[in-house]
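I opened a new notebook page for this structure and looked up its parts in turn. My entries follow the display.

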Amino acid sequence: MRPDGDAIGSVAALTLILRKLGAQAEGCIPDPVPWFYREVSGTRVLRTVEELRGKEFDTVVVLDSSDLDRIGDAVELFPARTPDVVIDHHVTNSGFGLLNLCAPDYAAVALIVHEIGKRLVEYDRELAELLLLGIATDTGFFKYESVDAQVFEAAAELARYGARIQPIASAVLEHRTPNTIRLLTEMFHTLHLELGGKLAYAYVSAGMLRRTGCREEDTEGFVGELRAIHGVEVAILFSEWPEGEVHVSLRSKSYADVSRVALRFGGGGHPRAAGCTLKVTRLEEAIYPVVAAARGLLEEAG
Ligand SMILES: [Mn+2]
């Protein structure tokens, strides 16, 4: 659900790897893939749950998901409730597969898929570019602290197979529409700074989305704009859609473990990027408890 570049890139890449190995493989992402990822050609391989309904699968691999709730309706395609293989890098992974490969020291699941794939098949540009998409997006385009020599080495290997960072960067970083900019402007009107500027939070309400003609997926990257403020350690974006549901995106810059906050509200993620969803009748009912928890986290750390 709410797939990011790593989920999209690694699911599509593993699908292509399995097909190169002669398997009849399908790659499924339950929520709509945000339109701008379509500029990375290999993402065309992905199918929705509806498109795959009625097909029979004997083996299921789940990628980049810390628990079964993260894959939504896709469980309906499973032959059994438990997936055969889970490949992930979230510290909060619950180990819900028969075989679980969770490696939190990997900056992206695409890096794990690459470790597997490069030993098994000959890459082409399309496959290499999907893996580079996953690595680039989960490392904030090579700027998070998770970026080490292993990340650059994998990127270099993929570049040698023809993967280009430019179309990926253009698709992911330069796709804002005038309506999205209007929404971003509205979001900044709700900005609150606390604890001497270490905690930043803002919201996007359902009404704001309607007013600006935007969809929830258009808020992707907004929380990064909050974290980019000088002096901010923890940034939180609350986005309400549909009414009654608030998605909380948490980011930290260098030391706060925001996955602890997400986990407390039934979500999960990484120390520097996590999220959760709250069912509430008013936006404030999500904002108050989550901000209080983040405040506590920062006070404890500082
Ligand atoms: Mn990931």
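**Sheet and cores**

I began with strands β3 and β4 (residues 85–88), which run parallel and are joined by three bridges; helices (H or I, at least four residues) and strands (E, at least two) are DSSP runs numbered from the N terminus, and two strands pair if DSSP finds at least two bridges between them. For Val-61, I found that the bridge partner in β4 is Val-85.

I noted that this is a predicted model, in which local features need pLDDT of at least 70 and side-chain atom pairs count only at pLDDT 80 or more, while totals for chains, interfaces and linings use all residues. Residues are numbered from 1 along each chain as its sequence is written.

Next I traced the open sheet, whose three strands have the order β3-β4-β5 with parallel pairing. Because β3 (61–63) and β5 (99–102) stand at the edges with a single partner strand each, one side of each is left without a neighbour in the sheet.

Of its 45 residues, Ala-13, Leu-111, Leu-131, Leu-132 and Ile-135 touch the most other members. A second, separate core has 37 residues, including Tyr-201 and Val-234.

Last, I recorded the division into domain 1 (5–173) and domain 2 (178–301), with bounds from an automatic or database domain assignment. Their C-alpha centres lie 25 Å apart.

Definitions and conventions. Core = buried A, V, L, I, M, F, W, Y, C linked by C-beta atoms within 7 Å. Buried ≥ 20, exposed ≤ 12 C-beta atoms within 10 Å, placed from the backbone.
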